[in-house]
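Work through the exercises below with the model open. Try each task before reading its solution.

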Amino acid sequence: MADLFSPYRMGKFNLSHRVVLAPMTRCRAINSIPQPALAEYYTQRSTPGGFLITEGTMISETAAGFPHVPGIYNEEQVQAWKSIVDAVHSKGSVIFCQLWHVGRASSQVYQPNGASPISSTNVPISKRWRILMPDASHCIYPKPRALKTSEIPEIVEQYRQAAINAIAAGFDGIELHGAHGYLIDQFLKDGINDRTDEYGGSIGNRCRFLMQVVRAVVEAIGVDRVGVRISPAIDHLDAMDNDPLSLGLAVIEKLNNLQKELGMRLTYLHVTQPRYTAYGQTESGRHGNEDEETHFIKTWKRTYQGTFICSGGFTRELGMKAIINGDADLVAYGRLFISNPDLVHRLKLNAPLTKYIRKTFYTHDPVIGYTDYPFLGQSATSRL
């Protein structure tokens with residue numbers, strides 16, 4: 001019976017286990033350029049036959065919504081990523097670059113010439129949420145500018161070029177970030193998308209932007225180098241949908257049809273569990289309907305024709321259960337991987353885990369809260 005530590009064939013990649021490093025924003029780039037510290041961070045979390053997904057990586061100058069996040073849209077960024085990818089490969093791991101555009105989850109501070117952030121809508125994220133500013137303060141999100149229909153192909157092209165750049169940097173593939181209330185999700189969710197053109201209204205129309213991006217990157221780098229991440233059932237950054245089950249099934253149906261048309265499968269579909277944010281288990285203490293969550297995931301897993309990755313608040317026990325019950329092929333871990341660079345080893349031994357320090361998640365220090373967490377058997381270094 002398969003478990004977290006069973007080998008797995010993910011497309012053309014032979015994985016030695018099923019514990020994945022989830023993509024996590026860590027704010028350690030400088031002027032959008034990945035730094036040497038990123039090489040240490042990712043190699044610390046690399047294992048022979050392991051699979052890593054990078055932090056969200058900007059596809060253009062308009063894509064940022066956090067300070068000090070890396071990009072993959074110019075040659076300097078590509079060259080900086082090369083040394084990081086090479087270091088990960090030297091440890092025997094597979095690494096994908098997550099392509100990211102935050103859409104309305106931004107501020108004029110992060111936009112070229114102080115422009116308004118772009119989105120599917122001109123409705124801002126509610127005051128329930130706050131954006132992290134470069135000076136570490138938190139502010140409300142500003143009003144975005146809804147993209148004109150004629151502008152959307154340009155954004156699709158930015159994703160396509162970013163995918164090409166990622167392969168040039170040596171990445172094994174890319175993950176399209178279509179989740180968590182960022183740009184692609186702003187088109188998918190009927191709680192955000194209020195468009196009246198061919199990108200709004202019906203589920204099919206709301207899926208149009210995602211599928212145009214998927215087709216563009218598949219044609220550019222190959223279907224077997226592309227993963228897609230979605231989160232139909234979470235409300236992060238007001239990303240609500242009135243029928244998340246149907247939305248997820250609609251996306252999956254379109255991906256399945258594309259795979260059938262091409263005669264090959266995408267590398268994977270990555271779905272975030274509802275417990276990831278306020279819909280589920282959050283700092284605010286709200287909890288989602290566990291039976292409903294389980295039904296969603298089981299239905300999506302059963303319907304999708306290919307490798308299915310789950311993420312969002314998994315423990316060792318929940319990860320083992322997901323694999324054993326067939327609810328996921330791979331399980332991605334985020335926060336536990338921050339404070340346990342040797343998480344795979346610790347989970348295999350069922351060893352104690354180091355607690356993460358939340359206040360250093362988004363600081364810019366290249367060591368503290370980033371590469372200074374101890375491996376099993378080592379003493380902890382000084383950390384805030």
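Residues are numbered from 1 along each chain as its sequence is written, and side-chain values use heavy atoms, with hydrogens and water left out.

**Exercise 1.** Find where pLDDT (the predictor's confidence in each residue, from 0 to 100) stays under 50.

Solution. Start with the chain: its average pLDDT is 94, and 95% of the residues score at least 70. Next, go to residues 278-287, where pLDDT stays under 50. Where pLDDT is low, predicted coordinates should not be read in detail.

**Exercise 2.** Compare the span of helix α7 with the expected one.

Solution. Count 19 residues, 244-262. The expected span is 1.5 Å times one less than the number of residues, here 27 Å. The C-alpha span from first to last is 27 Å, close to that value. Then step past the end: G263 follows, with a positive phi near 75°.

**Exercise 3.** Is H177 buried or exposed?

Solution. Locate H177 in strand β10 (residues 173-178). Its relative accessible area is 4%. Buried means under 20%, exposed over 50%, partly exposed in between (1.4 Å probe, protein chains only). H177 is therefore buried. Now check its side chain: a polar atom there lies 3.3 Å from the backbone nitrogen of A179.

Note on methods. This is a predicted model: local features need pLDDT of at least 70, side-chain atom pairs count only at pLDDT 80 or more; totals for chains, interfaces and linings use all residues. Helices (H or I, at least four residues) and strands (E, at least two) are DSSP runs, numbered from the N terminus. Contact means heavy atoms within 4.5 Å. A polar contact is a pair of N or O atoms within 3.5 Å; within protein, one must be able to donate a hydrogen and the other to accept it, and residues adjacent in sequence count only if both atoms are side-chain atoms.
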